[in-house]
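Keep the model in view as you read.

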Amino acid sequence: MTSGPIAPRLFTLAWPLVLGNLLQTLYNLADMFWVGRVSPEAVAAVSLMFPLSWMFVSTAMGVTAATIALVSQHVGAGNDRQADRIVAQTCLLATVVSAVLAVAGFLGRHWLLYWIGARGQVLVESLAYIEVILAALPLTFLFFAFRASLQGAGDTKTAMWLVAASAGLNIVIDPFLVLGWGPAPAMGTRGAAVATFVSRLFAAAIGIYVLVRGDWGVQLHPRDLRPDPAILRRLVDVGYPATLDGWARSFAAVAMAALVARFGPVATAAYGIGVRLMSVSWTVSGAVGQATATGVGQNLGAEMPDRAHRVTMVATAATMALLTAAGGAVWLLPDAAIGVFIDEPAVIAEGVVFLRVIALSWGFFGGLMVLQGAFRGAGDTRIAMVLSLLSRWIFRVPLAAALAFGTVTIPVIGLTYTGLDWGVVGLWWGYAAAAVISFGIGLAWFLRGTWREGVLEGENGSDAADPDLVPIDDD
């Protein structure tokens, strides 16, 4: 990404990420498709689980965001051995964090599901799903560590093929475990979770094997797994804003799901299906954002900030054009899109309203995600975090609540205000309006250019300022 025409190189780096992320969404889409054949309560349960699952996934992305920035900048600067050490410490950190989250989530699963609005049979189905998903967390985190490591080195194809294989495995075994095809018992929502667990176990095992082999740009050396305080501090320092960013996004998704749940199972099911359709646009923009992070990181490592700026502008414009066209297609045929997943007329009707409001704003969602990827590639993860906080908690959730409800009392502080009482459609309009406003702020912030220095600068202008981070020779 440090030489040659930008658009072709960006496309070469981005398309495996786009395809890989689209394949990754098949985990969710396949689950929703087969669970939709069980009952509306099962669909509502998986819908409520989406923001919680995203909370865990976004934490994994946050933990490994520093890996992309540091590995890409070290590769751009020619410090390959240091990149390998960062890979090992990322795997160590990912394992510890995921284990802590899995235990905490299991202990608090009843309270968490009740808080987001799961009641009755929906609560029962949600519990069956989350208990297995929590067990898969370490596998999810290790796969993200693998993908971020190779991505920082400029290899995006290997992870794509691995995602394709694991998603295909998930699709094949889903109906057997959900509906009880063949000798397998019908497990409903738990079966969907078990299929996901098996698929992620496969992906994590192959990913670690690839890293240990070391034939794909970076290598995991077992001796490097001994805790290295200096590298762990750097990973945490660069990565914690990305983790908080992921939490801001996921908790906002939980808050939105909780608001939607107040309007009943039909609205919840429609929202869950609509968000799954939107996740296709997120996977595209998220993948382009990841490619942008690699391009920005390598160019800053090579001391070419102007080229890093051009990479970001090309990526943002292309993503917005593509997602606006995709959103337009969904806007024209919303009932067909919703009908793929469920044949309940009430759910389809509410899903049509959701897509008619949201679809045309997909480009703004995508544009902001690409800009955030550029900030992360520069190691300026704090700005990406602030943009998420603004987008979700300053604009989306308050605006959606103000439009949807009449009298609203904010928990904890006890502030009461009067909204417009538009009903559930107010939630949809708040969602869309926040995307447009947040993109404008993100673009203005990027154009200020404060991200251009990168993260490899030590006190004396290089990593030599920190003796623990000086590249070392293989022994």
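**Rings and cores**

Phe-439 is buried, at a relative accessible area of 11% (buried means under 20% relative accessible area, exposed over 50%, partly exposed in between, with a 1.4 Å probe and protein chains only). This is a predicted model, where local features need pLDDT of at least 70, side-chain atom pairs count only at pLDDT 80 or more, and totals for chains, interfaces and linings use all residues. Residues are numbered from 1 along each chain as its sequence is written, and side-chain values use heavy atoms, leaving out hydrogens and water.

Phe-439 pairs with Phe-364. Rings of Phe, Tyr and Trp (its six-membered ring) pair if their centres lie within 6.5 Å; planes under 30 degrees apart are stacked, over 60 edge-to-face, the rest tilted. This pair is edge-to-face, with 5.9 Å between centres and 70° between planes. Phe-364 sits in helix α14 and Phe-439 in helix α16, 75 residues apart. Helices are DSSP runs (H or I, at least four residues), numbered from the N terminus. Phe-364 is partly exposed, at 28%.

Now turn to the core. A nonpolar core is a set of buried Ala, Val, Leu, Ile, Met, Phe, Trp, Tyr and Cys residues joined through side-chain atoms within 4.5 Å. The largest has 119 residues, and Leu-52, Leu-113, Tyr-271 and Leu-427 touch the most other members. Helix α2 gives the most to this core, 16 residues.

Finally, look at Arg-396. In α15, a kink of about 30° lies there, shortly before Pro-398 (the bend is the angle between axes fitted to the seven residues ending there and the seven starting there).

Methods: Helices (H or I, at least four residues) and strands (E, at least two) are DSSP runs, numbered from the N terminus.
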